Amino acid sequence: MNPQMVIFDCDGVLVDSEPVANRLLADFLTEHGAVVSQHECHDLFVGRPLQDIINDATAKGGQFKDSWREDFYERMDTALSGGVPLIDGVVTLLDRVDQADMKTAIVSNGRFAKMKLTLGPHGLWDRFEGKMYSPQTHGKPKPAPDMFLLAAKNAGVAPGDCVVIDDSPSGVTGAIAAGMTCIGYAQDTPKEKLEALGATTATNMEQVGELLGLIKG
């Protein structure tokens, strides 16, 4: 591929935070009348904006107080403050990307506060300073292409010279809509689901490095 820029998703690509998030989300939805398992949460909701998830849960009989957002974020932040591990091999991949003089960014549907909790202990919050994009301040959430296009524009790179690494259908959809190549990170997400949306898939960071042309296969 040999891109000029690599754009990373956060949860499930840089940090292994999805198990914690899915467990908390399943508990929260179930408590509010929309019974769902942790596995179903990953299958149905990974990468989707929280408001969309609550809308779906409400349509299925869930009942939520006006303070649901604050309540959920408080639970999530408390759980994440205990720390989550990095995805295996991701620091080595980031080092290779830097050595190849490729530009980088993070495009996530998550909040900055959440990213700081997960990335900060590993030094990645500082590493990506000024190159992180969230719908809090940077436009519509994925699957809209807005944040991808803004990241490329700010880096001075054409969309066609960017590769996105994302583990969610919404991320793949947004990347393709932005005119970018997408590597679907299929460690937990079924690769068939990501490939059907136009991604080339990888199941570990070594394979990602090979696809990026950083490692000889």
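**Helix packing, sheet and pocket**

Modeller: This is a predicted model. In it, α1 and helix α2 (residues 38–45) pack with their axes 8 Å apart, at an angle of about 105 degrees.

Biologist: How are α1 and α2 oriented to each other, then?

Modeller: Angles of 65 to 115 degrees count as roughly perpendicular, so α1 and α2 are roughly perpendicular to each other.

Biologist: Which residues make the contact?

Modeller: α1 gives E18, P19, N22, R23, L25, A26 and L29. From α2 come Q38, C41, H42 and F45.

Biologist: And how do the residues of that contact divide?

Modeller: Into 6 nonpolar, 3 polar and 2 charged.

Biologist: New topic. What order do the strands of the open sheet take?

Modeller: The order is β3-β2-β1-β4-β5-β6. These 6 strands pair in parallel.

Biologist: Which strands stand at the edges?

Modeller: β3 (132–133) and β6 (200–202). Each has a single partner strand, so one side of each is left without a neighbour in the sheet.

Biologist: How many bridges join β5 to β6?

Modeller: 3 bridges, with β5 covering residues 181–185. G184 stands opposite T201 in β6.

Biologist: Now the largest pocket. How much space lies in it?

Modeller: About 610 Å³. Its lining has 32 residues.

Biologist: Which residues lie nearest its centre?

Modeller: R48, L50, N109, G110 and K114.

Biologist: What does the lining of the largest pocket have by class?

Modeller: 12 nonpolar, 10 polar and 10 charged residues.

Biologist: Which helices each supply at least two residues of that lining?

Modeller: α1 (18–31), α3 (50–59) and α4 (68–80) do.

Note on methods
Residues numbered from 1 in each chain as written. Predicted model: local features only at pLDDT ≥ 70, side-chain atom pairs only at ≥ 80, totals over all residues. Heavy atoms only, no water. 1 Å grid on protein atoms, 1.4 Å probe; cavity = no way out; pocket = protein on both sides within 12 Å on 5 of 7 lines; lining within 4 Å. Points joined across faces, edges and corners; volume = space filled by probe spheres on them. Helix = DSSP H or I, 4+ residues; strand = E, 2+ residues; numbered from the N terminus. Nonpolar A, V, L, I, M, F, W, Y, C, P; charged D, E, K, R; others polar. Axes fitted to C-alpha atoms, helices over the stretch in contact; angles between N-to-C directions. Parallel < 35°, antiparallel > 145°, perpendicular 65-115°, else oblique. Contact = heavy atoms within 4.5 Å. Pairing = 2+ DSSP bridges.
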